[in-house]
Amino acid sequence: DYVTERISLGKWLPEEKIPSVRDLAGELQVNPNTVMRAYEYLQNQDIIFNKRGLGLFVNSNALEKINGLRKDRLKAYIF
């Protein structure tokens, strides 16, 4: 939720590098494995992508994907 919120608010822009697993885990004071699982999920949803050797970046259509996921969650909650 933290990552998608940062993207939605325009704090992390498309094609912009996002914090490493270690950096974000330290910032949020959570286990790095938690961040890794979240990043893996977001990669599977095409919200972020890996540039080998450079790190993780926000996908150009991340905001559309996030909005789609939120709509799906809302539909599941309502029905």
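Mentor: Buried means under 20% relative accessible area. Keep that cut-off at hand as we walk through this predicted model.

Trainee: Happy to. Where is Ile47 found, and does Ile47 count as buried or exposed?

Mentor: Ile47 is found in the loop between α3 and β1. Its relative accessibility is 0%, so Ile47 counts as buried.

Trainee: Which residues is Ile47 in contact with, leaving aside its neighbours within four places in sequence?

Mentor: The list includes Ile7, Leu42, Phe57 and Val58. Asn59, Ala62, Lys65, Ile66 and Leu69 are in contact with Ile47 as well.

Trainee: Let's turn to helix α3. How should I check its length?

Mentor: Compare the expected span with the distance between the ends. Helix α3 has 13 residues (32-44), and at 1.5 Å a residue they should span 18 Å; the end C-alpha atoms are 18 Å apart, so the two agree.

Trainee: And which residues of α3 are buried?

Mentor: They are Val35, Tyr39 and Leu42. These residues cover an arc of only 60° around the axis, so they lie on the same side of α3. This buried set packs against α1, α2, β1 (48-51) and β2 (55-58).

Trainee: Which exposed residues does the face turned away from the buried side carry?

Mentor: Arg37 and Asn44 are the exposed residues on that face of α3.

Trainee: What should I look for at the two ends of α3?

Mentor: At the start, a side-chain oxygen of Asn31 comes to within 2.7 Å of the backbone nitrogen of Asn33. After the helix comes Asp46, with a positive phi near 60°.

Trainee: Why do Tyr2 and Trp12 fall into their accessibility classes?

Mentor: Tyr2 has 28% relative accessibility, so it counts as partly exposed. Trp12 has 7%, so Trp12 counts as buried.

Key
Residues numbered from 1 in each chain as written. Predicted model: local features only at pLDDT ≥ 70, side-chain atom pairs only at ≥ 80, totals over all residues. Heavy atoms only, no water. Buried < 20%, exposed > 50% of the residue type's maximum accessible area, 1.4 Å probe, protein only. Helix = DSSP H or I, 4+ residues; strand = E, 2+ residues; numbered from the N terminus. Expected span 1.5 Å × (residues − 1). Arc of directions from axis to C-beta. Contact = heavy atoms within 4.5 Å. Polar contact = N/O pair within 3.5 Å; in protein donor to acceptor, adjacent residues only side chain to side chain.
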